[in-house]
Amino acid sequence: VYKRQGGDSGVAAPLYSGSTTPAAITQANADEIARKSTEGINESTNLPPAGNALSSLPILVSIGSTTDALAQKVGEVVFRVLDGAAPLNLPAAAVLTSDDLNNGSSGPFCGGSFIYPDNIDRNAATLDFTISFNQLCFNDGVTSLTMNGSLRFQKTQTSVSISFTNFSVSIDGTQESVSGVFSCDGNMSNCTISTDYAGTDGNVYRLANVDISGDDQFGYTVNATFYHHELGRVTIATMTPVTYGGCGVYPSDGIITVSSSDGSNITVTFSGCSYSITGVDANSVSISVNGSWT
């Protein structure tokens, strides 16, 4: 989960332990599925918190508006760390400072340290290593990050995976506690995010294979697998970009579909602070619900 914190880096991220079986969408539970799936959309678009509103998903919110941009920035920081450490020829598990990195390369590191596993060849066909950060500051003139905790970086010829467990990043004074996985192709594109998060009701939910694009002006397109703690797994797809305005953390426009592998599916249309749900259950019985966020 990518969770906005007030400053306590020791807060553990939620861990999903709910149902992983396909959900059965019915007239009785369509509103619950729609509302919680929408909260999943809200998570992924990283809306600012308001009162007890949702925590935020993408950690590097100031970097770009796509999943690929987020992963590429993390990858850039990792590779800059490797470039800065490589010429130093220090032993395994050596503690290196930002000054060491800047002496080893032209990397824009501005404080802190990290534990570096020796003998990493960043040009190797496969990579699998863990780096631990202690207040390591990175500032390229556009984005300033201060990182704490560990990340695991795995690369093959066809894929890249960056895994975080209770990793902490401060961006312009806002602290994020991170547990999740970026999964990309070998070129650090076509990336998705997987994460667990606490919903507004206190229950833990899961988003997997999250693909995000868009911005505040033109709306967000989010496609993902969503896990409801009781009802199970569904697929979320954006038909019309989701936009926000006047309804707090909830959408005011856009259309999403929520479907299950049992054949049940619904379409959720956002309009103002209201929404309408239409669809069918697994027996092709019609589903129709109207609701509002207020």
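## Core and disulfides of a predicted protein model

Ile266 and Ile277 touch the most other members of the largest nonpolar core, a group that holds 58 residues. Strand E4, which covers residues 127-139, supplies the largest share of this core, namely six residues. The model is predicted, and its protein has three helices and 15 strands.

**Overall build**

- Of the 294 residues in the protein, 48% count as buried.
- The accessible surface of the protein comes to about 12300 Å², and 46% of that surface belongs to carbon and sulfur atoms.
- Among the contacts in the protein with a separation of 6 or more, 49% are made by residues 24 or more positions apart.

**Around Ile266**

- When residues up to four places away in sequence are not counted, Ile266 touches Ile25, Ala30, Ile33 and Ala34, as well as Ile256, Thr257 and Val258, and also Ile277, Thr278, Gly279 and Ile287.
- Ile277, which is one of the residues in contact with Ile266, is also the other residue named with Ile266 as touching the most members of the core.
- As general background, nonpolar side chains in soluble globular proteins tend to be buried together.

**The disulfide of Cys110 and Cys137**

- The structure holds two disulfides, and one of them is formed by Cys110 and Cys137, whose sulfur atoms are 1.8 Å apart.
- Because Cys110 lies in strand E3 (residues 109-116) and Cys137 lies in strand E4, this pair ties together parts that are 27 residues apart in sequence.
- The torsion about the S-S bond of Cys110 and Cys137 is about -70 degrees, and the disulfide is therefore left-handed.
- Cys110 counts as partly exposed because its relative accessibility is 43%, whereas Cys137, at 12% relative accessibility, counts as buried, the cut-off for buried being under 20%.

**The disulfide of Cys247 and Cys273**

- Cys247 is joined to Cys273 by a disulfide, with an S to S distance of 2.1 Å.
- This pair links distant parts of the chain, 26 residues apart, with Cys247 in the loop between strand E11 (232-244) and strand E12 (251-259), and Cys273 in the loop between strand E13 (265-271) and strand E14 (274-280).
- The disulfide of Cys247 and Cys273 is left-handed, because the torsion about its S-S bond is about -105 degrees.
- With a relative accessible area of 10%, Cys247 is buried, while Cys273 has a relative accessibility of 23% and so counts as partly exposed.

Conventions
Residues are numbered from 1 along each chain as its sequence is written. This is a predicted model: local features need pLDDT of at least 70, side-chain atom pairs count only at pLDDT 80 or more; totals for chains, interfaces and linings use all residues. Side-chain values use heavy atoms; hydrogens and water are left out. Helices (H or I, at least four residues) and strands (E, at least two) are DSSP runs, numbered from the N terminus. Buried means under 20% relative accessible area, exposed over 50%, partly exposed in between (1.4 Å probe, protein chains only). Contact means heavy atoms within 4.5 Å. Accessible areas come from the Shrake-Rupley method with a 1.4 Å probe; for residues, only the protein chains shown count as cover. A nonpolar core is a set of buried Ala, Val, Leu, Ile, Met, Phe, Trp, Tyr and Cys residues joined through side-chain atoms within 4.5 Å. A disulfide is a pair of cysteine sulfur atoms within 2.5 Å.
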